[in-house]
Amino acid sequence: MNGSRVVVPFPVESVLSGIGKHFPEGESLVYSRNLPAVELNEGQMVLLHIDAVDQEADVLINGRYICHITTFSGRDGIDITGYLESEDNVLSVIVTDDLN
């Protein structure tokens, strides 16, 4: 799936995701996207909102570990302000799903 585009919020196994492929249990999938550089004023911050994860995910910005999250929906935003650089940034979400 390297370099494939996934239509979210559909699971990768769904035809609607644009992938429509089953992956081996325990295999991690990496979702990545570029985040544009932002200019913040004093006291402003950038929050990352991830609406749902099934089942576990690690969140990275520019290859730096931010946090580990488990199945949830509607969680408060994750403050990623201190991880952003002045140039474009890369958000990666590494998702692992145990189908059992």
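Contact means that heavy atoms lie within 4.5 Å of each other. The exercises below use this term on a predicted model.

**Exercise 1. Describe the overall make-up of the protein chain, starting with how many helices and strands the chain has.**

Step 1. The protein chain has zero helices and six strands, and from the N terminus on its elements run β-β-β-β-β-β.

Step 2. The C-alpha atoms, taken along the principal axes, fill a box of roughly 45 × 25 × 20 Å, and of the 100 residues of the chain, 24% count as buried.

**Exercise 2. Find which residues of the largest nonpolar core touch the most other members, and then follow the contacts of Ile66.**

Step 1. The largest nonpolar core has 15 residues, and those that touch the most other members are Leu48, Ile50, Val59, Ile66, Ile69, Ile80 and Leu91.

Step 2. Two or more residues are given to this core by each of strand S3 (52–61), strand S4 (64–73) and strand S6 (89–96), and the largest share, four residues, comes from S3.

Step 3. When its neighbours within four places in sequence are left aside, Ile66 is in contact with Val59, Leu60, Ile61, Ile78, Ile80 and Tyr83.

**Exercise 3. Decide whether Asn89 is buried or exposed, and work out which backbone atoms its side chain reaches.**

Step 1. Asn89 is found in strand S6, and its relative accessible area is 2%.

Step 2. Because buried means under 20% relative accessible area, Asn89 with its 2% counts as buried.

Step 3. The side chain of Asn89 reaches the backbone nitrogen of Glu85 at 2.7 Å and the backbone oxygen of Glu87 at 3.0 Å.

Step 4. Leaving aside neighbours within four places in sequence, Asn89 is in contact with several residues, among them Arg33, Asn34, Leu35, Ile61 and Tyr83.

**Exercise 4. Identify which residues make the nonpolar surface patch of about 260 Å², and classify Val7 by its relative accessible area.**

Step 1. The patch is made by Val7, Phe10 and Leu16, and Val7 is found in the segment before strand S1 (28–35).

Step 2. The relative accessible area of Val7 is 42%, and since partly exposed covers the range between the buried limit of 20% and the exposed limit of 50%, Val7 is partly exposed.

Note on methods:
Residues numbered from 1 in each chain as written. Predicted model: local features only at pLDDT ≥ 70, side-chain atom pairs only at ≥ 80, totals over all residues. Heavy atoms only, no water. Core = buried A, V, L, I, M, F, W, Y, C linked by side-chain atoms within 4.5 Å. Buried < 20%, exposed > 50% of the residue type's maximum accessible area, 1.4 Å probe, protein only. Patch = residues over 30% accessible without salt bridge, like charges linked within 9 Å, V, L, I, M, F, W, Y side chains within 5 Å. Areas by Shrake-Rupley, 256 points an atom, 1.4 Å probe, with all protein chains shown as cover. Salt bridge = Lys/Arg side-chain N within 4 Å of Asp/Glu carboxyl O. Polar contact = N/O pair within 3.5 Å; in protein donor to acceptor, adjacent residues only side chain to side chain.
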